[in-house]
Amino acid sequence: MASSAAHPVFPSRYGTSAMGKLPDRSAFGASSQQRGDQQRAERERERLEKERQEREEQNQLSEEQREEIKEAFMLFDLDKDQKIDYHELKVAMKALGFDLPKAEILSILQTHGSLSEPTNPNVPHHPRLLLPFAQFQSVMAQRILARDPRDEILRAFDLFDEGGKGKINLNDLRRVARELGEGLEEEELAAMIEEFDLDGDGAINREEFLLICHQ
């Protein structure tokens with residue numbers, strides 16, 4: 001007759017096994033809690049580091065650049081909710097000198113934006129990706145700081161050069177002076193052209209304009 005004792009290799013159906021007690025469930029709970037705490041601490045460190053980098057970027061911008069970013073956002077935030085959608089972001093960035101393709105604009109929204117929330121329960125809601133002002137500031141600061149200073153100067157040249165002639169002539173200077181409210185005499189404007197017109201063609205080209213700005 002077979003013995004009723006459990007086989008020494010296999011655990012008994014009841015009671016303790018030959019391999020010892022089952023692991024304490026509280027050990028699993030403690031380990032899971034520790035992992036959760038570590039993950040939360042890591043996310044908090046990443047958030048603080050990101051905020052530090054954004055502050056440094058903002059500090060590297062001039063007051064004029066910070067004001068330009070703010071003005072572009074406020075101008076194209078048509079519903080004044082401190083968030084801009086795809087079309088508003090595209091024209092705001094273009095106003096700051098960044099004419100980006102659709103794929104790049106969408107990538108910025110997907111990386112830094114968030115989905116819109118319903119405002120009226122009685123109206124069907126179609127979620128859109130929106131970019132808040134703080135994220136717009138950060139994105140634009142990174143791009144402005146990475147931009148070649150030469151590009152900045154040539155962008156200013158294009159504002160003077162009406163019609164894209166590749167040169168700034170007396171008429172261009174006269175127009176800009178009028179728009180800025182500068183009461184300069186005709187002789188003064190002509191003297192400015194003459195002083196920096198190195199090739200003697202009666203106008204300022206791009207290279208001459210770069211030399212002016214680097215003096």
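At roughly what angle do the axes of helix α2 and helix α5 cross? The legends below take up this crossing and two other views of the predicted model.

**View 1. Helix α2 against helix α5.** Helix α2 covers residues 63-76 and helix α5 covers residues 133-146; their axes cross at roughly 135° and come within 10 Å. Angles of 65 to 115 degrees count as roughly perpendicular and those over 145 as roughly antiparallel, so α2 is oblique to α5. The crossing of α2 past α5 is right-handed. On the α2 side, the residues in contact are Gln65, Ile69, Lys70 and Phe73. They meet Phe133, Phe136, Gln137, Met140, Ala141 and Ile144 of α5. Sorted by class, this contact has seven nonpolar residues, two polar ones and one charged one.

**View 2. Helix α3 against helix α5.** Helix α3 is made of residues 86-95, and its axis comes within 12 Å of the axis of α5, with a crossing angle of roughly 35°. Here too the crossing is described by its hand: α3 passes α5 in a right-handed way. Leu89, Ala92 and Met93 of α3 meet Phe136, Met140 and Arg143 of α5. The contact has five nonpolar residues, one charged residue and no polar residues.

**View 3. The largest pocket.** This pocket has a volume of about 360 Å³. Its lining is made up of 13 residues, and those nearest its centre are Glu64, Glu68, Glu152, Arg155 and Leu159. Helix α2 and helix α6 (149-160) each give at least two residues to the lining. By class, the lining residues divide into six nonpolar, five charged and two polar.

Notes: Residues numbered from 1 in each chain as written. Predicted model: local features only at pLDDT ≥ 70, side-chain atom pairs only at ≥ 80, totals over all residues. Heavy atoms only, no water. Axes fitted to C-alpha atoms, helices over the stretch in contact; angles between N-to-C directions. Helix = DSSP H or I, 4+ residues; strand = E, 2+ residues; numbered from the N terminus. Parallel < 35°, antiparallel > 145°, perpendicular 65-115°, else oblique. Left-handed = near helix turned anticlockwise from the far one by under 90°. Contact = heavy atoms within 4.5 Å. Nonpolar A, V, L, I, M, F, W, Y, C, P; charged D, E, K, R; others polar. 1 Å grid on protein atoms, 1.4 Å probe; cavity = no way out; pocket = protein on both sides within 12 Å on 5 of 7 lines; lining within 4 Å. Points joined across faces, edges and corners; volume = space filled by probe spheres on them.
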